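Here are a few notes to read alongside the model. Please keep the viewer open and follow the points in order.

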Amino acid sequence: MFFERPDSGEVAVLVHIHFPDEKDREDPGEFLELVRSAGADPVALIEGSRSHPSPKFFVGDGKLEEIRQAVVEHEAEVVLFNHSLSPSQERNVEQALQCRVLGRTGLILDIFAQRARTHEGKLQVELAQLEYMTTRLIRGWTHLERQKGGIGLRGPGETQLETDRRLLRERIKTIHKRLEKVRKQREQNRRARRRAEIPSVSLVGYTNAGKSTLFNALTESDVYAADQLFATLDPTLRRITMPDSGPVVMADTVGFIRHLPHKLVEAFRATLQEASEATLLVHVIDAADESRDENVEQVNYVLEEIGADDVPRLLVYNKIDCLEGYEARIDRDDQGVPERVWLSAVNGEGLDLLLQAIGERLCDDLFKEQLVLAPSEGRLRALLYQQEAILSEAIDEQGRFVLDVRIPKADFIQMLCKVGVDPKRYFPNYGIEDFMLDSDLEVS
């Protein structure tokens, strides 16, 4: 979308400026990984410190000259900034360096463009790119500001720049319509899963935390996994069977990163909705990363932005094989509920503990008991069969039905109310507040 990609890696000069403000800081090491993931060949890293960015060039005149000398010395094809540059700053630096300039947002968009495989993923990336480009059309090309003239070229009365912007707006509108169809289709699939009472588990986390490797180990899939940022872009769903909670749909999602461009979050909202509507989020964390606490904060920020901050969460500290003295284990809270699991997805250490923890967390909302129903309670038995909640059935000596049942608690409470059975018969602590909350739920 932005430029023709050469056969070999482009020679790139990297620029990283240190700012005292915490929210403006970026990680140089992560920036280098981003550049390598984009396929560029970094030859120089220019660093500096400023109290705030320069409005014109982002950097000072002295630092700009240092960058220019590095570009000439290494014959660089592109200058990459580890910061988000405004359109005017990009244009000014390009004119000064006579070299293509790209900010952090443009670099991430380029990586996404390379990774997109499905039709939906390509649409989402194109949408983010187009919205990013709408303010960057001039790019120093003055002929775009002229009106067309000459024989056969008169008529529109608008400049080339205005024409391009109008075409971009029309294309953006078309992509929005297509993605809306995708969103409706995904929502229909989620409704079908909810009707079938199949819980969903979404793997979320910082990019390159090992989500795809863990996903492959749990689902016996062959999803692409590599030691690079944003190896996974298109979401993948697999159905697995848990020992205690039955069938579960597991989703592998795109990784998050510091200062993830807002346009990307908007464009990928249909995809990220898998996380916001999941039954349980498995937050995968690179335990060997020195910045793991900051990465966790960034993931929590994005989850809050997409409305998934209230979804139950299980923390998974991955890559313990890279740490000394760490063994696979489950950390529990005061009530014995699993909070954290320590494992290694590469060698499989601790995978059984993760499945156990997921099963326990999903069973929190399940009623899994043996019911003894009198022949007169046939309507409740029929509803349980209708919901496919009966695992096995037997008849005792008194002619009563002995049922092994597994069903979500909310659905079972609604079922009891529907047939006129007091929920306190099975839930002694059930109160009026619970009834008011659960009565708003749909009965499938």
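1. The cover over the buried residues of α12 (residues 378–386) includes β12 (366–373), β13 (390–395), β14 (401–408) and α13. Buried here means under 20% relative accessible area, exposed over 50%, and partly exposed in between (1.4 Å probe, protein chains only). Helices (H or I, at least four residues) and strands (E, at least two) are DSSP runs, numbered from the N terminus.

2. A word on the source: this is a predicted model, in which local features need pLDDT of at least 70 and side-chain atom pairs count only at pLDDT 80 or more, while totals for chains, interfaces and linings use all residues. Residues are numbered from 1 along each chain as its sequence is written, and side-chain values use heavy atoms, with hydrogens and water left out.

3. Which residues of α12 are buried? They are L380, L383 and L384. Viewed down the axis of α12, these buried residues fall within an arc of 100 degrees, so they line one face of the helix; the arc is that of the directions from the helix axis to the C-beta atoms. An α-helix has 3.6 residues a turn, so residues three or four places apart point the same way. On the face turned away from the buried side, α12 carries the exposed residues R379 and Q386. After α12 comes E388, with a positive phi near 55 degrees.

4. Now look at the partner helix. The axes of α12 and α13 (residues 409–418) come within 10 Å and cross at roughly 145 degrees. Axes are lines fitted to C-alpha atoms, for helices over the stretch in contact, and angles run from 0 to 180 degrees between N-to-C directions. R379, L380, L383 and L384 of α12 make the contact with F412, M415, L416 and K418 of α13, where contact means heavy atoms within 4.5 Å. These residues divide into 6 nonpolar, no polar and 2 charged. In this count Ala, Val, Leu, Ile, Met, Phe, Trp, Tyr, Cys and Pro are nonpolar, Asp, Glu, Lys and Arg are charged, and the others, Gly among them, are polar.

5. The largest nonpolar core has 31 residues, and V35, L80, L107, L281 and L303 have the most contacts inside it. A nonpolar core is a set of buried Ala, Val, Leu, Ile, Met, Phe, Trp, Tyr and Cys residues joined through side-chain atoms within 4.5 Å. Elements giving two or more residues to this core include β1 (11–18), α1 (28–37) and α10 (292–305), and the largest share, 4 residues, comes from α4. Leaving aside neighbours within four places in sequence, L281 is in contact with residues including S202, V204, L303 and P312. A second, separate core of 25 residues includes V201, L218, V284 and I330.

6. V15 is worth a click. V15 lies in strand β1 and counts as buried, at 0% relative accessibility. Beyond its neighbours within four places in sequence, V15 is in contact with residues among them F31, L45, V59 and L80. The C-alpha atoms of V15 and E47, 32 residues apart along the chain, are separated by 6.0 Å.

7. Finally, the whole protein. Its secondary structure comes to 14 helices and 14 strands, and 48% of its 444 residues count as buried. Of the contacts with a separation of 6 or more, 69% are between residues 24 or more positions apart.
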